[in-house]
Amino acid sequence: MDSIYTTISGTEGNVMIETDGGNVEVIHVPQWIKTNINENHDTLHYMVELNTDRRFREDSIVLKSSDITCRISVSQSFKATFIKFTPEEVAIPARGGTEEVVVDVDGEGALTVDHSDIARVVGRKIFITLTKNQELKDRTFDINVACDELSASLKVTQKNSKCQACNGTGYSNRVCPVCNGVGFHVCCNYRGKAYCDVCGGSGTTE
Ligand SMILES: [Zn+2]
Ligand SMILES: [Zn+2]
């Protein structure tokens, strides 16, 4: 191995060292990398810390054994390389409500969202709020969440609140008891059918 690349969050690992048996020492290492050589002098353990410099940084670890030096270059980004959501998708019940999404991101920049009417950012969380779905069809939103130059799409769905008993019509199959099915009056909105017992005529539940 002659180079290490890591994201803002840092990394750690081991590098095997082959020598003629002599001792190995680290003669150069930047402050943001911790190193340790094992007792047998055949393994270098390195740990690259979180990048708090707010800039891309690179340096190297230089090892020396006898008169031979060996350079391992290390570079580390500071911009976000991934955005993950927990939960991965949001389902809001038909009656409406607020759901919390935890965002895991390796950048340090502020999160931004579109659809700011339903999505609110608080630190590394996003709160999605929807009112009752009055429509007879499901609703879907794709919220664009961005950090640094990276963005990811958060899917939000909400079931419709269509009354299953009357399939959203608001009416049952029984004749209107007031006009006896004639349907000439406002008693059943001129339908001649009784209102649905489940939704009371609204066509929606909850
Ligand atoms: Zn009627
Ligand atoms: Zn109904």
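## Close-up views of a predicted model

**Figure 1. The largest pocket and the strands around it.** Strand β7 gives the most to the lining of the largest pocket, with 4 residues. Everything shown here and in the views that follow comes from a predicted model. The largest pocket holds about 230 Å³ of space. It is lined by 16 residues, and those closest to the centre are Ile-17, Glu-18, Thr-19, Ser-65 and Cys-70. At least two lining residues come from each of the strands β2 (11-16), β6 and β7 (68-76). If you sort the lining by class, you will find 9 nonpolar, 4 polar and 3 charged residues.

**Figure 2. Arg-57, a buried residue of strand β6.** Let us move to Arg-57, which belongs to strand β6 (residues 57-65). Is this arginine buried or exposed? Arg-57 counts as buried because its relative accessibility is 4%, and the cut-off for that label is under 20%. One is the side chain of Gln-76, with which the Arg-57 side chain makes a polar contact at 2.8 Å. The other is the backbone oxygen of Leu-50, which the side chain of Arg-57 reaches at 3.3 Å. Beyond its neighbours within four places in sequence, Arg-57 is in contact with Trp-32, Glu-49, Leu-50, Asn-51, Thr-52, Val-74, Ser-75 and Gln-76.

Figure 3. Ser-75 lies in β7, the strand that gives the most to the lining of the largest pocket. Ser-75 has a relative accessible area of 15% and is therefore buried. Which residues does Ser-75 touch, leaving aside its neighbours within four places in sequence? They are Ile-4, Tyr-5, Thr-6, Phe-56, Arg-57 and Glu-58.

**Figure 4. Thr-6 in strand β1.** Thr-6, one of the contacts of Ser-75, sits in strand β1 (residues 3-6). With 5% relative accessibility, Thr-6 counts as buried. Look for the backbone oxygen of Gly-10, which lies 3.3 Å from a polar atom of the Thr-6 side chain. Setting aside neighbours within four places in sequence, the contacts of Thr-6 are Thr-11, Val-48, Ser-75, Gln-76 and Ser-77.

**Figure 5. Asn-160 in the loop between β15 and β16.** This view turns to the loop that runs between β15 (150-158) and β16 (171-175), where Asn-160 is found. Its side chain makes a polar contact with the side chain of Asp-138, at 2.8 Å. A polar atom of the Asn-160 side chain also lies 2.9 Å from the backbone nitrogen of Lys-162. Leaving aside neighbours within four places in sequence, Asn-160 is in contact with Ala-94, Asn-133, Glu-135, Leu-136, Lys-137 and Asp-138.

**Figure 6. The domains as a guide to the other views.** The domain assignment of the protein gives domain 1 (3-76), domain 2 (83-158) and domain 3 (162-206). What distance lies between the C-alpha centres of domain 1 and domain 3? These centres are 76 Å apart.

Notes: Residues numbered from 1 in each chain as written. Chains lettered and ligands numbered in written order. Predicted model: local features only at pLDDT ≥ 70, side-chain atom pairs only at ≥ 80, totals over all residues. Heavy atoms only, no water. Buried < 20%, exposed > 50% of the residue type's maximum accessible area, 1.4 Å probe, protein only. Polar contact = N/O pair within 3.5 Å; in protein donor to acceptor, adjacent residues only side chain to side chain. Contact = heavy atoms within 4.5 Å. 1 Å grid on protein atoms, 1.4 Å probe; cavity = no way out; pocket = protein on both sides within 12 Å on 5 of 7 lines; lining within 4 Å. Points joined across faces, edges and corners; volume = space filled by probe spheres on them. Nonpolar A, V, L, I, M, F, W, Y, C, P; charged D, E, K, R; others polar. Domains from an automatic or database assignment.
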